[in-house]
Amino acid sequence: MIVPFSHVLFLAAILFLLGAVCAVARRNLIMILIGVEIMLNAAGLVFVGASLRWEHLEGQVFVIFILTLAAAEVAVGLALIVTSYRRTGSVNADRYNLLKG
Amino acid sequence: MNLYAAIFYLLSVILLASTVVAVTRRDAIHAVVYLIISFIATGLIFYLLGAPFLALLEIIVYAGAIMVLFLFIVMMLRLTPSQRTWKAALSQWAPAIVLGGFSLVLAAVMIPTDPASNPALKTLTAGPRELGRFLFQKYWFPVEIASFLLLIALVGALLLGRQEKKAKKTTRQEGA
């Protein structure tokens with residue numbers, strides 16, 4: 001007996017909200033990407049907890065796919081940040097207010 | 001409260017505290033370093049919840065590879081932490097805190113009413129052998145799709161890194 005499943009859900013919910021707050025409140029593009037990472041991590045936590053709750057391995061399999069997705073997302077996201085930093089000289093999302101390429 | 005529950009609550013306190021500190025840091029490097037602590041705590045919770053392979057994968061991939069990639073980019077761009085007034089900070093954080101508070105209240109109402117969330121978790125372990133067998137027997141096709149996704153991400157990152165050089169070359173040709 002570890003803890004009720006609801007405690008894992010609460011922990012993941014708070015973690016997800018921290019990630020969402022980070023992605024909404026921060027203006028630094030790198031911090032926005034970090035917020036997305038925290039949210040993916042919280043989703044993985046729920047999947048592992050549910051995998052133990054229903055004693056089924058599918059949750060753990062899904063976490064492997066989430067890890068893959070996070071790695072791909074970070075690679076492309078950081079490449080995008082570097083490209084836009086070269087173009088505009090800033091990583092502040094508020095600075096990206098020009099529609100002209 | 002038994003030992004497992006005590007370890008779980010201790011790890012969740014470490015996880016939430018380090019994530020809160022990471023989210024509120026002005027300097028991106030500090031945020032990344034605190035986030036490594038957060039991901040290691042998540043890996044230990046995975047271990048506690050019976051997923052030793054995922055725990056190691058979390059520490060290797062998240063805390064190792066992804067966060068080092070973040071550190072590389074932060075150091076490469078040589079960012080300076082922004083200084084701003086508390087009024088601007090309030091206009092940033094107020095919507096986020098309203099969103100977070102509302103969703104937290106919603107979660108606090110919804111989670112206890114779900115009957116599936118009541119039973120206590122058993123201490124079971126699914127080792128790498130069972131997980132790998134299950135993964136490659138039932139989910140071999142998604143694994144192939146995931147590997148294809150990684151390939152596309154690699155090509156996309158390379159393309160995004162190259163594009164700027166090409167653009168410069170064309171402008172130089174236009175100028176000459």
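What percentage of the 101 residues of chain A count as buried? The points below start there.

1. **Burial.** The share is 54% of the 101 residues of chain A. In chain B, buried residues make up 23% of the 176 residues. A residue is buried if 20 or more other C-beta atoms lie within 10 Å of its own, exposed if 12 or fewer, and partly exposed in between, with C-beta atoms placed from the backbone.

2. **Basis.** This is a predicted model, in which local features need pLDDT of at least 70, side-chain atom pairs count only at pLDDT 80 or more, and totals for chains, interfaces and linings use all residues. Residues are numbered from 1 along each chain as its sequence is written, while chains are lettered from A and ligands numbered from 1 in the order in which they are written.

3. **Chain A fold.** Chain A has three helices and zero strands. Its pattern along the sequence is α-α-α. Helices (H or I, at least four residues) and strands (E, at least two) are DSSP runs, numbered from the N terminus. The radius of gyration of chain A is 17 Å, well over the 13 Å that the globule rule gives for 101 residues, so chain A is more spread out than a compact globule. That radius is taken over C-alpha atoms, and the globule rule is 2.2 Å times the number of residues to the power 0.38. Along the principal axes, the C-alpha atoms of chain A fill a box of roughly 55 × 25 × 20 Å.

4. **Chain B fold.** Chain B comes to six helices and zero strands. The pattern is α-α-α-α-α-α.

5. **Contacts within each chain.** Two residues are in contact if their C-beta atoms, placed from the backbone, lie within 7 Å. Take the contacts in chain A with a separation of 6 or more: residues 24 or more positions apart account for 43% of them.

6. **Interface.** Here 56 residues of chain A are in contact with 69 residues of chain B. On the side of chain A that touches chain B, helix 1 (5–25), helix 2 and helix 3 (58–88) of chain A each give two or more residues. Helix 3 of chain A gives the most, with 21 residues. The residues of this side divide into 44 nonpolar, seven polar and five charged. Ala, Val, Leu, Ile, Met, Phe, Trp, Tyr, Cys and Pro count as nonpolar, Asp, Glu, Lys and Arg as charged, and the others, Gly among them, as polar.

7. **Helix 2 against helix 2.** The axes of helix 2 (residues 29–53) of chain A and helix 2 (residues 28–48) of chain B come within 11 Å and cross at roughly 5°. That makes the two helices roughly parallel. Axes are lines fitted to C-alpha atoms, for helices over the stretch in contact, and angles run from 0 to 180 degrees between N-to-C directions. Angles under 35 degrees count as roughly parallel, over 145 as roughly antiparallel, 65 to 115 as roughly perpendicular and the rest as oblique. Among the contact residues are A:Ile34 and A:Leu45 on one side and B:Leu35 and B:Phe39 on the other.

8. **Helix 2 of chain A against helix 3 of chain B.** Helix 2 of chain A and helix 3 (residues 52–77) of chain B pack at an angle of about 175°, with their axes 12 Å apart. They are therefore roughly antiparallel to each other. A:Ile30, A:Glu37 and A:Val48 meet B:Leu54, B:Ile66, B:Phe70, B:Ile73 and B:Val74. The contact divides into seven nonpolar, no polar and one charged.

9. **Core.** A nonpolar core is a set of buried Ala, Val, Leu, Ile, Met, Phe, Trp, Tyr and Cys residues joined through C-beta atoms within 7 Å. The largest nonpolar core has 74 residues, and those touching the most other members include A:Ile30, A:Val48 and B:Ala51. Helix 2 of chain A gives the most to this core, with 15 residues. Not counting residues up to four places away in sequence, A:Val48 touches partners including A:Val63, B:Phe46 and B:Ala51.

10. **Two local sites.** A:Glu55 lies in the loop between helix 2 and helix 3 of chain A. Phi of A:Glu55 is near 50°, a positive value in a residue other than glycine. With 12 C-beta neighbours inside 10 Å, A:Glu55 counts as exposed. A:Asn92 is in the segment after helix 3 of chain A. A:Asn92 is partly exposed, with 14 other C-beta atoms within 10 Å.
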